[in-house]
Amino acid sequence: MSEKAKIILEGNEFELPVITGSEGEKAIDIGKLRDLTGYITLDSGFKNTGATTSGITFLDGELGILRHRGYDIEDLAANCSFLEVSYLILNGELPTAEQLVEFEAKISEHTLVNEGLEAMFKAFPTGSHPMGQLSSMISSLSLYYPKSLDPNRPEEAVKRTIIRLMAKMPTICAMIYKKRHGHPLVYPNNKLDYVTNFLNMTFGQVADPSYMADPVIVDAMNKLLILHADHEQNCSASTVRVVGSSQANLYSSISAGINALWGPLHGGANQEVLEMLEDIKNDGGDVEKYINKAKDKNDPFRLMGFGHRVYKNFDPRAKIIKKACDDVLDKLGVNDPILEIAKKLEEAALNDPYFIERKLFPNVDFYSGIIYRALGFPTDFFTVLFALGRLPGWIAQWQEMRTDKQPIARPRQIYTGAAPRPFVRMNDRA
Ligand code: SDX
């Protein structure tokens with residue numbers, strides 16, 4: 001017998017179905033609530049509201065668990081390439097060796113960016129924010145592939161659009177890096193694997209065709225991208241689903257997700273973390289002062305890289321990144337005083353009642369910026385790297401929303417504005 005929830009409203013009792021997920025999570029299905037009772041629910045920021053069922057990613061915030069299609073993030077980060085995990089997230093299964101070779105080969109056919117798009121890119125102001133450039137470029141792909149405007153084309157055509165987007169994202173990200181430094185673009189080398197190709201387009205120089213990315217950096221980059229690959233219904237993934245639910249095309253939906261990720265409370269936090277750590281260093285390294293600022297309700301300062309809507313324990317990705325941070329800096333022989341400040345800040349916060357009571361632990365953004373900096377990326381480029389990692393997740397969420405035939409997203413509201421009143425002509429207004 002299926003479980004029911006009972007609610008009593010104005011003396012009347014109503015029953016609502018309860019659904020149970022494959023990991024035992026439970027939800028009250030309120031799909032018929034308004035028809036049954038005339039009531040809606042209200043949940044600012046959707047802290048208690050599920051927008052969908054999904055089979056892509058499972059998070060347990062209390063236990064600090066993150067799994068993609070049933071596989072623990074620890075296993076994926078330790079054993080896979082980013083493209084392998086992308087295949088898993090997009091297709092639901094880990095690829096065989098042959099499937100991975102075919103996936104990488106298909107991607108290598110689409111790595112170039114149309115010269116017209118490149119000309120548009122060159123007109124972007126030097127010094128404009130990399131995330132604004134990225135969302136503009138991804139949205140503009142729809143101008144060059146007009147057939148992609150119909151998201152309901154046969155699956156083969158949709159899959160080609162997905163491959164095309166996966167292929168061009170690293171090229172566009174590398175273009176943004178080059179623009180920032182005023183350097184000539186390095187075109188894709190399709191003989192290289194996905195991540196090595198990205199690093200070569202980024203750090204390689206036209207004048208030095210012999211450049212090859214350091215295997216330590218390639219390994220760290222694969223791990224970092226895997227750790228960002230998907231995270232269920234976060235702000236940017238939800239944005240992709242909402243925009244896609246209107247049957248907007250994939251490029252527009254992903255561009256919307258990029259813009260949501262840009263926010264400092266979301267993916268923009270990795271840039272904010274580094275700027276915060278720099279401020280603390282330049283202010284003499286007094287972490288206690290900044291802990292107290294974060295606790296002061298009258299001070300808008302927040303400890304960036306701490307806290308999470310879902311994780312009320314350590315973000316499992318932060319643990320992996322913290323270890324990778326030590327390894328990478330050690331292998332690269334980088335001694336970054338910022339890392340020492342980060343560790344002191346983490347230590348102080350994890351022993352402070354304010355943070356303990358609110359279960360504020362370091363999240364994925366706390367250490368990632370330190371590695372990105374050690375790998376040679378500028379701070380305002382960090383969120384672009386987050387987007388590069390999150391792309392397969394966004395696409396998978398968009399795909400699932402489509403294949404589940406979800407209705408257009410259109411939440412309701414409770415009106416709290418002015419009561420009805422007679423119109424006042426201009427001359428009679430005070
Ligand atoms: C990402 O959702 C995802 O999965 C996101 C992400 C992904 O992979 O997609 O994991 C990536 O976005 C990670 C989060 C990166 N953002 C930051 O690091 C910014 C700093 N963190 C916060 O602003 C905050 O913790 C959020 C936005 C992450 C979560 O905010 P919530 O869940 O809305 O919690 P809240 O703002 O209601 O805070 C609850 C309490 C409040 O205090 P009280 O009013 O109860 O006294 O905790 C306090 C907050 O003031 N608090 C903090 C804090 N975060 C929360 N106080 C100081 N410093 C902080 N960082």
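This text walks through a predicted model, from the whole chain down to single residues.

Start with the overall fold. The protein chain holds 18 helices and 6 strands. Its radius of gyration is 24 Å, close to the 22 Å that the globule rule gives for 430 residues, so the chain is as compact as a globular protein of that length. Along the principal axes, the C-alpha trace spans about 75 × 65 × 55 Å.

Next, burial and surface. Buried residues account for 50% of the 430 residues. The chain exposes about 21,500 Å². Carbon and sulfur atoms supply 53% of that area. Contacts reach across the sequence too. Take those between residues at least 6 apart: 71% of them join residues at least 24 apart.

Now go inside. The largest nonpolar core has 117 residues. Which of them touch the most other members? They are Leu 134, Leu 199, Ile 254, Leu 303, Ile 370 and Phe 377. Helix H7, residues 155-181, gives the most to this core, with 13 residues. The core also draws on two domains: at least three residues come from each of domain 2 (73-262) and domain 3 (269-379).

Ile 254 is one of those core residues that touch the most other members. Set aside residues up to four places away in sequence. Ile 254 then touches Ile 138, Leu 165, Val 240, Leu 391, Trp 394 and Ile 395.

Turn to the strands. Strand S4 covers residues 57-60, and strand S5 covers residues 65-68. The two pair in the antiparallel sense over 4 bridges. Together they form a hairpin with 4 residues between them. In the turn, Gly 64 has a positive phi of about 65°.

Are the faces of S4 covered or open? Both are covered. Thr 57 and Leu 59 are buried on one side, and Phe 58 and Asp 60 are buried on the other.

Glu 346 sits in helix H15, residues 337-350. Is Glu 346 buried or exposed? Its relative accessible area is 4%, which is under the 20% cut-off, so Glu 346 counts as buried. What surrounds Glu 346, beyond its neighbours within four places in sequence? Its contacts are Phe 306, Phe 314, Lys 322, Pro 362, Phe 366 and Tyr 367.

Technical notes. Residues are numbered from 1 along each chain as its sequence is written. This is a predicted model: local features need pLDDT of at least 70, side-chain atom pairs count only at pLDDT 80 or more; totals for chains, interfaces and linings use all residues. Side-chain values use heavy atoms; hydrogens and water are left out. A nonpolar core is a set of buried Ala, Val, Leu, Ile, Met, Phe, Trp, Tyr and Cys residues joined through side-chain atoms within 4.5 Å. Buried means under 20% relative accessible area, exposed over 50%, partly exposed in between (1.4 Å probe, protein chains only). Domain bounds come from an automatic or database domain assignment. Contact means heavy atoms within 4.5 Å. Two strands pair if DSSP finds at least two bridges between them. The radius of gyration is taken over C-alpha atoms; the globule rule is 2.2 Å times the number of residues to the power 0.38. Accessible areas come from the Shrake-Rupley method with a 1.4 Å probe; for residues, only the protein chains shown count as cover.
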